[in-house]
Amino acid sequence: MQNSRGARGRADTYDVAILGAGMAGGMLGAVLARNGVRVLLLDAGTHPRFAVGESTIPYTSGMTRLIADRYRVPELKPLSSHKGISRQVSRYCGQKQNFGFVYHREGSAQHPQEINQLVVPQAIRTETHLFRQDVDAYLFHTAVKYGAEPLLNTRVTDVDIDPESGAVLRTEGGREFRASYIVDGSGFRSPLAEKFALRETPTRARTHSRSLFTHMIGVRPFDRAPAAARHDQPNPWHHGTLHHVFDGGWLWVIPFDNHADSLNPLCSVGLTLDPRAFPKDDTPPQAEFDAFLGRFPEIAWQFQDARTVRPWVSTGRLQYSAKQVVGDRFCLTSHAAGFIDALYSRGLTNTMEIVNALAWRLIAAARDGDWSTERFAYLETLQQGLFDFHDDLVYSSFVGFRDYELWNAVNRTWMLGTMLGNVMLEDAYYRFTRSGDRSVFRDLEDSAHPGSPLPVSPGFNAMSALTRDLCVQVDEGSLAPREAARRILECVRQADFIAPSFRLGLRDTRCFNMSPGKMAKNAVWCRRDAPEEIGGRMINASKGLVRMRLMGG
């Protein structure tokens, strides 16, 4: 460990200045400081603090475990599983055993067959509803422990960058700091995006949504609702992240109190709406939420006893983007670079992707002094690819919300990306743990589809593009939703990268649970019929997950 006030410079001179001490800044700061980089970690706020982005997916947990081992930061390892978080970080987090979706029509009873659920396989049941104020503070303190210099309640007001010598940062209080490189992980009001006019105006995002959200107490488990009495999903709704979806938007329910060890009675609740269908006006958020529940009484049942414990946050349009995220001596990451929507919980996953790809470059630059823009060019490609893929997926989903059959089909492309993307990551992690060779991670950067959850599969990426293009036609009125659904399911049925035992091309496979029988059939398919880029990876991933379970991970 090297203290940030090392011998190489003055106390106000650093290798890397990180703007934003949230999850991205804290994790990156911990990784860099652990590997001898002099880090300044600035934030306009302080800890603990409210934040959304609370639901993980298997890729999030897998990437956290990978980063912990790749960069030798053992304090990150507990964050890769619900068990680890509960035991070592916070008992205020919830469990996540499934991704649940219940489809509703205004003015009609909920149809019990119009549900979708993806159950996290028992072998990798690591997912968590993060109580962000605890997790963010844990990461921040880990970074400080390894020597990152903390500076909270400090707003950066100006930045000057010299490509040859680095950056000068000036704060609201008149202090001045120097750094060889700046990582801006702050958010929409990114100091670098404002300084260098990096925002796309208007954003290129197809998705249109706004949101109002809060934490509540007294939210009922939906499994007890009269509307859920005839549901046939394989896992209780309350054991995971529940999405109520409808034409024009969706509502999330993320309980923190859904297991016996939790100390937290709260539930995260957020209503996300297409502002073109539901324009924002001067209605207070609570009144708007109550009016929404009045239109959907079967959803309202869940909130009959609920009350807020903090003020609502009500946003305008959520989507924003940057025409450039990497420049001389700087990189915009995470929410400083852009944002789409909380649907599918990809925000944290995208954050981990950027931390993993950026960290080794910054460590190398701090050692050899090469801070050239070319060294960091891949981050531009990756960040923009992550933004575009998520936009395509969420946009297609909002179009799908208009008609259950189309939503039911679009949901398959998300399921496949979630499941198979994690396979690719676990394969790389397995090969790394067997060999210690970090080049396996750099090999993943050599892809024709950066930002895709499964960049190694031409078939998957063609399917994703087809889904988007069909939804564009539906949106434009040139294609009927049912016909688009038929074509998507036919594409899934014909795909050679999907095990036939999954039956995902069939309309009635609305819920998916990787049972032992499906796993056994999948193993045979991997060895006999799977494409080269899929089969071997699935086998390695399975070996790695078995090994992890045996070791108590």
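This is a predicted model: local features need pLDDT of at least 70, side-chain atom pairs count only at pLDDT 80 or more; totals for chains, interfaces and linings use all residues.
1. Basis. Local features here require pLDDT of at least 70 and side-chain atom pairs count only at pLDDT 80 or more, whereas totals for chains, interfaces and linings use all residues. Residues are numbered from 1 along each chain as its sequence is written, and side-chain values use heavy atoms, without hydrogens and water.

2. Strand 10. Strands are DSSP runs of E, at least two residues, and helices are runs of H or I, at least four, numbered from the N terminus. Strand 10 spans residues 176–184, and seven of its nine residues are buried (under 20% relative accessible area, 1.4 Å probe, protein chains only).

3. Pairing. Two strands pair if DSSP finds at least two bridges between them. Strand 10 runs parallel to strand 1 (residues 13–19), with six bridges, and valine 16 stands opposite tyrosine 181. Three bridges join strand 10 in parallel to strand 18 (residues 330–332), where leucine 332 is the bridge partner of aspartate 184.

4. Hairpin. Strand 9 (residues 166–171) is antiparallel to strand 10, through four bridges. Four residues separate the two strands of this hairpin, and glycine 174 in the turn has a positive phi of about 90°.

5. Largest cavity. A cavity is a set of points on a 1 Å grid over the protein atoms alone where a 1.4 Å probe fits but cannot get out; lining residues have an atom within 4 Å of a point. The largest cavity has a volume of about 220 Å³. Among its 19 lining residues, Tyr59, Glu353, Tyr378, Leu444 and Glu445 are the closest to its centre. Helix 2 gives the most to this lining, with four residues.

Key: Buried means under 20% relative accessible area, exposed over 50%, partly exposed in between (1.4 Å probe, protein chains only). On a 1 Å grid over the protein atoms alone, a cavity is a set of points where a 1.4 Å probe fits but cannot get out, and a pocket is an open set with protein on both sides within 12 Å along at least five of seven lines; lining residues have an atom within 4 Å of a point. Grid points are joined across faces, edges and corners, and a volume is the space filled by probe spheres set on the points.
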